Amino acid sequence: MLKRTKSRIIPFLLIFIISAVAFFSCNETESKEMNEQEQKIAVDTTMIPNTKFGAAVKYGRQLMLNTAYYIGPNGTKGRYLGNKISCTNCHQEAGTKLFSFNLMKSHDDYPQYRAREGKILTLAERINNCVMRPQNGVKPLPLDGEEMVAFLSYLKWINSFAPKGEEVFNGQKNKAVDLPAVAANPEKGALLYQANCARCHGKDGAGVLAADRHAYRYPPLWGAQSYQPGSSMHRVIKQAQWLKSNMPYDKATADAPVLTDAEALDIAAFVNSDKIHQRPNPKTFDYPHPEEKAIDYAHAPFVDPFTEEQHRIGPWQPIIDYLKSKGYTATY
Ligand code: HEC
Ligand code: HEC
């Protein structure tokens with residue numbers, strides 16, 4: 001009896017030891033893989049249904065990826081954008097990449113009060129803000145047109161993959177950057193730009209068009225073909241938060257940023273300096289209630305005594321402290 005039990009236990013023990021050894025020797029690579037999985041939500045585009053709705057989702061995805069081909073300056077579906085930047089150049093992987101202005105929750109989150117306009121916007125109106133500002137639009141998309149319906153259908157579909165039950169899921173917002181006690185430094189940013197960014201975006205920031213000339217291989221960061229000063233990407237903190245996880249494109253990840261927070265802020269201060277660089281349509285759309293302005297939205301009037309320059313490049317802590325002391329919320 002005893003013998004038989006032993007002989008049964010031994011093979012189990014062996015299997016246990018072998019798997020324990022295997023487990024510990026692969027442990028390092030396994031935990032790395034798990035980490036990568038944590039930072040990605042698989043959105044399987046083969047699951048887009050073969051229905052009329054699915055066709056709209058597919059078209060919406062194409063619009064995200066190759067925006068100007070359809071609605072750009074020479075767009076096959078009409079001329080809406082003033083430049084050839086694609087939505088996916090900022091909302092990477094067609095809005096599904098984490099920590100990259102992710103759009104998977106947007107369908108849940110609108111209609112929403114927007115301080116910028118001082119009113120409640122629908123998701124369609126919010127999309128048109130990106131058509132008009134970062135994409136330097138000549139006119140907004142008709143709210144019930146095929147393209148807007150396709151964008152909305154696509155955003156609804158990717159929303160079905162978004163983690164539910166959380167107010168904000170991990171990766172929906174970009175990572176925070178620490179705000180230093182000193183102002184961001186555009187001169188340092190210029191040197192960092194040449195070292196980390198110019199090889200793709202060009203010394204002149206003009207980017208490189210793709211072979212088909214409908215979209216960019218490397219999108220422009222300033223100049224007539226880039227985003228307007230009223231875009232959120234033009235806000236220094238906002239841009240730095242995005243750069244941290246996403247640029248340089250071939251090296252940075254959310255887990256392993258290449259730039260320090262201070263470097264990301266210096267580069268964003270250089271890229272977004274209106275003294276150094278030109279941009280299209282410097283007109284801005286102002287917050288009707290100045291107390292609701294994001295602190296790095298550097299267009300007067302403000303409810304605080306700080307200059308446009310300080311709002312643009314900091315130091316921001318005194319602004320935050322002042323706003324708090326007056327009972328306002330400091331957003332950025
Ligand atoms: C130059 C960069 C850039 C481009 C190009 C761009 N966007 Fe945006 N978009 C942003 C930024 C920055 C925000 C603000 C995100 C934030 O505040 O966290 C934003 C916000 C949005 C939002 C609101 C997200 C939310 O949940 O609140 C939607 C929807 C959106 N963009 C759709 C689009 C679409 C569709 C296109 C293409 C037609 C596009 N964007 C092009 C930078 C860009
Ligand atoms: C290896 C090439 C490469 C390098 C280096 C690189 N980028 Fe990019 N950048 C890209 C590509 C490609 C995109 C578009 C991303 C996409 O479509 O997924 C992009 C997009 C951007 C955008 C958003 C689109 C736009 O036109 O505004 C900004 C801002 C940006 N990069 C800034 C930077 C900065 C700042 C650096 C240096 C820290 C940098 N990039 C380094 C390739 C690069």
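A polar contact here is a pair of N or O atoms within 3.5 Å. I take that as the cut-off for the ligand entries below. The model I am reading is predicted.

**Entry 1: ligand 2**

I looked up His201 and found a polar side-chain atom of this residue 2.8 Å from a nitrogen atom of ligand 2. That pair falls within the 3.5 Å cut-off. I then listed two more pairs around this ligand. Gln92 has a polar side-chain atom 3.0 Å from an oxygen atom of ligand 2. For Pro220 the atom is a backbone N or O, and it lies 2.7 Å from an oxygen atom of ligand 2.

I counted 26 residues around ligand 2, and noted Cys197, Cys200, His201, Pro220 and Met247 as the ones that come nearest. By class I have 17 nonpolar, six polar and three charged residues in this shell. Looking at the elements, I found that α9 (198-201), β4 (216-218) and α10 (236-246) each supply at least two residues of it.

**Entry 2: ligand 1**

I repeated the search for ligand 1. I found 21 residues surrounding ligand 1, and the closest are Cys87, Cys90, His91, Tyr110 and Cys130. Their shell divides into 14 nonpolar, five polar and two charged residues. Helix α6 (residues 123-132) gives the most to this shell, with five residues. I also checked the domains: domain 1 (46-159) and domain 2 (186-284 + 294-325) each contribute at least three residues to the shell around ligand 1.

I wrote down three polar side-chain atoms and their distances:

- His91 is 2.8 Å from a nitrogen atom of ligand 1.
- Ser106 is 2.7 Å from an oxygen atom of ligand 1.
- Lys238 is 2.8 Å from an oxygen atom of ligand 1.

**Entry 3: helices α8 and α11**

I looked at how helix α8 (residues 186-196) and helix α11 (residues 261-271) pass each other. Their axes come within 7 Å and cross at roughly 95°. I therefore record α8 as roughly perpendicular to α11. On the α8 side I listed Pro186, Lys188, Gly189, Ala190, Leu192 and Tyr193, which meet Glu263, Asp266, Ile267, Ala269, Phe270 and Val271 in α11. The residues of this contact are eight nonpolar, one polar and three charged.

**Entry 4: Asn66**

I located Asn66 in the loop between α2 (52-65) and α3 (67-71). Leaving aside neighbours within four places in sequence, I find Asn66 in contact with Ser86, His214 and Ala215.

**Entry 5: backbone geometry**

Most residues other than glycine have a negative phi, and most peptide bonds are trans.

Which peptide bond involving Pro111 is cis? I found the one from Tyr110 to Pro111, with omega near 0°. Pro111 sits in the loop between α5 (106-109) and β1 (112-114).

Ala300 and Pro301 are also joined by a cis peptide bond, with omega about 5°. I placed Pro301 in the loop between α11 and α12 (308-313).

I found Phe99 in the loop between α4 (92-95) and α5.

Note on methods:
Residues are numbered from 1 along each chain as its sequence is written. Chains are lettered from A and ligands numbered from 1 in the order in which they are written. This is a predicted model: local features need pLDDT of at least 70, side-chain atom pairs count only at pLDDT 80 or more; totals for chains, interfaces and linings use all residues. Side-chain values use heavy atoms; hydrogens and water are left out. Axes are lines fitted to C-alpha atoms, for helices over the stretch in contact, and angles run from 0 to 180 degrees between N-to-C directions. Helices (H or I, at least four residues) and strands (E, at least two) are DSSP runs, numbered from the N terminus. Angles under 35 degrees count as roughly parallel, over 145 as roughly antiparallel, 65 to 115 as roughly perpendicular and the rest as oblique. Contact means heavy atoms within 4.5 Å. Ala, Val, Leu, Ile, Met, Phe, Trp, Tyr, Cys and Pro count as nonpolar, Asp, Glu, Lys and Arg as charged, and the others, Gly among them, as polar. A residue is near a molecule or strand if one of its heavy atoms lies within 4 Å of it. A polar contact is a pair of N or O atoms within 3.5 Å; within protein, one must be able to donate a hydrogen and the other to accept it, and residues adjacent in sequence count only if both atoms are side-chain atoms. Domain bounds come from an automatic or database domain assignment.
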